[in-house]
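Subject: Handover of a structure, with notes on its helices

Dear colleague,

I am passing on the structure below, together with some notes on what was found in it. Please read the notes with the structure open beside them.

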Amino acid sequence: MTDLNQTALNNLTGVAVEKTEIDTLVVGAGQAGVAMSEHLTKLGVPHLVLERNRIAEAWRTGRWDSLVANGPAWHDRFPGLEFEGLDPDAFASKDQVADYFEAYARLFDAPIRTGVEVKSVVRNADRPGFTIQTSEGVIEANRVVSATGPFQRPVIPAIAPKDERIMQIHSAAYYNPQQLPEGAVLVVGAGSSGVQIADELNRAGRQVYLSVGPHDRPPRAYRNRDFCWWLGVLGEWDASASKPGKEHVTIAVSGARGGHTVDFRALAQQGITLVGLTKAFNDGVVSFQQDLADNLARGDENYLSLLDAADAYVARNGLDLPEEPEARDFLPLPECVRNPVLELDLAGAGVTSIIWATGYSVDFSWLKVNAFDANGKPLHQRGVSCEPGVYFVGLPWLSRRGSTFIWGVWHDAKHIADHIATQRKYLAYRDAKQRQAAE
């Protein structure tokens with residue numbers, strides 16, 4: 001793979017860059033940056049991709065050891081390459097995903113340079129484009145694409161206790177049960193990360209308390225089709241905005257151990273103590289909201305609504321897919337739901353660790369342009385920023401619900417690359433007088 005764009009960098013591969021000029025600079029070489037580079041390459045747009053670590057580094061070191069993709073291999077990939085040696089219905093490990101993106105970048109000799117950090121991007125005041133300060137010099141670019149993704153700054157809520165007796169880490173820093181001290185663990189957050197980590201800790205013999213907030217709970221598979229397939233044929237991936245009240249609802253789904261439907265009743269049956277949304281910590285005692293049963297009920301409603309929609313689709317289209325009535329059977333409500341724990345003395349319960357599976361925030365402090373609202377959220381239309389020449393790719397709901405998934409990033413990147421190519425055509429236009437002068 002070419003490490004630098006040779007033409008743009010005047011064959012300075014491997015040499016510290018003092019000043020470089022390039023049409024389009026892409027910041028980040030994860031799935032979004034690789035997809036962006038592919039489309040720009042196809043359109044003949046000179047560009048450079050900078051990555052401060054390695055290609056797809058977040059998949060290698062920003063996830064726990066046993067993580068697998070949440071979608072099957074046939075679905076969670078780019079159109080131009082399948083996962084080598086992996087069954088289409090299997091779930092790729094995090095290292096397989098990272099290897100996949102490296103292999104994909106090699107397919108078109110992506111102009112990616114690793115080990116270079118972008119410090120700041122500033123719009124030029126007296127000429128077109130932007131000046132970019134990096135750890136290896138200055139770059140001048142006509143356009144800048146932020147492909148740094150949504151998982152930039154782990155968020156731990158302000159309610160986290162200041163107690164040195166308890167080890168507290170974000171799920172981004174969790175790798176395996178062995179890194180935690182002996183004792184029980186409180187996992188705060190029951191989205192995909194929190195559920196899978198809690199399950200792994202429980203299977204490793206730990207006593208686990210899992211704090212469950214509002215969530216969606218799709219079936220892993222139904223009537224011989226993965227939920228990714230159902231969302232596709234039902235048009236759910238194309239939803240352009242989250243439904244009111246769902247903005248902060250997590251999705252509990254897992255590809256672990258071959259993929260299975262997340263069932264909180266089953267988790268309780270295997271020994272995990274479910275508790276409600278974490279409310280506060282006071283003198284070593286954590287309190288929980290009285291919302292556990294309601295949160296599970298709403299998750300069940302989401303689950304059943306997808307089954308209903310799937311059944312209706314099968315009937316409407318006359319599909320020969322096997323019925324699965326047992327999918328609607330629920331285990332009895334466990335004791336921890338019928339009589340929920342509202343307060344827990346951490347020391348008395350033997351809790352020595354808290355894992356905060358509470359999501360991430362973005363960090364665009366390096367992008368010093370007028371492209372954000374008062375809360376620092378990017379202002380854009382399908383990734384095309386309100387600031388001309390600035391683009392975003394790889395963010396949730398960038399254009400649709402599917403933007404969260406690998407294939408969705410690829411399609412979003414194509415739209416942005418097309419926009420860049422169109423802008424280049426406008427700027428290349430010469431009127432009759434200019435054309436005559438050039439002859």
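This is a predicted model: local features need pLDDT of at least 70, side-chain atom pairs count only at pLDDT 80 or more; totals for chains, interfaces and linings use all residues.

Residues are numbered from 1 along each chain as its sequence is written, and side-chain values use heavy atoms, with hydrogens and water left out. Helices (H or I, at least four residues) and strands (E, at least two) are DSSP runs, numbered from the N terminus.

The axes of helix α1 (residues 31-42) and helix α3 (residues 94-107) come within 10 Å and cross at roughly 15 degrees, the axes being lines fitted to C-alpha atoms over the stretch in contact, with angles from 0 to 180 degrees between N-to-C directions. The two helices α1 and α3 are therefore roughly parallel (angles under 35 degrees). On the α1 side the contact (heavy atoms within 4.5 Å) is made by Q31, V34 and E38, which meet F101, Y104 and A105 of α3. Those residues divide into four nonpolar, one polar and one charged, where Ala, Val, Leu, Ile, Met, Phe, Trp, Tyr, Cys and Pro count as nonpolar, Asp, Glu, Lys and Arg as charged, and the others, Gly among them, as polar.

Helix α4 (192-203) is largely enclosed by the rest of the structure, because ten of its twelve residues are buried (under 20% relative accessible area, with exposed meaning over 50% and partly exposed in between, for a 1.4 Å probe and protein chains only). The elements covering those buried residues include β9 (184-188), β10, β14 (250-251), α6 and β19 (351-356). After α4 comes G205, which has a positive phi near 95 degrees and lies in the loop between α4 and β10 (208-211); at 62% relative accessibility, G205 counts as exposed.

By contrast, S211, which lies in strand β10, counts as buried at 2% relative accessibility. Beyond its neighbours within four places in sequence, the contacts of S211 include V187, V188, G189 and A190, and also F288.

Helix α7 (residues 292-317) has 26 residues and reaches 38 Å from its first C-alpha to its last, close to the 38 Å expected at 1.5 Å a residue (1.5 Å times one less than the number of residues). Its buried residues include L292, L296, Y303 and L307, and just after α7, G318 takes a positive phi of about 60 degrees.

Best regards

Terms used: Angles under 35 degrees count as roughly parallel, over 145 as roughly antiparallel, 65 to 115 as roughly perpendicular and the rest as oblique.
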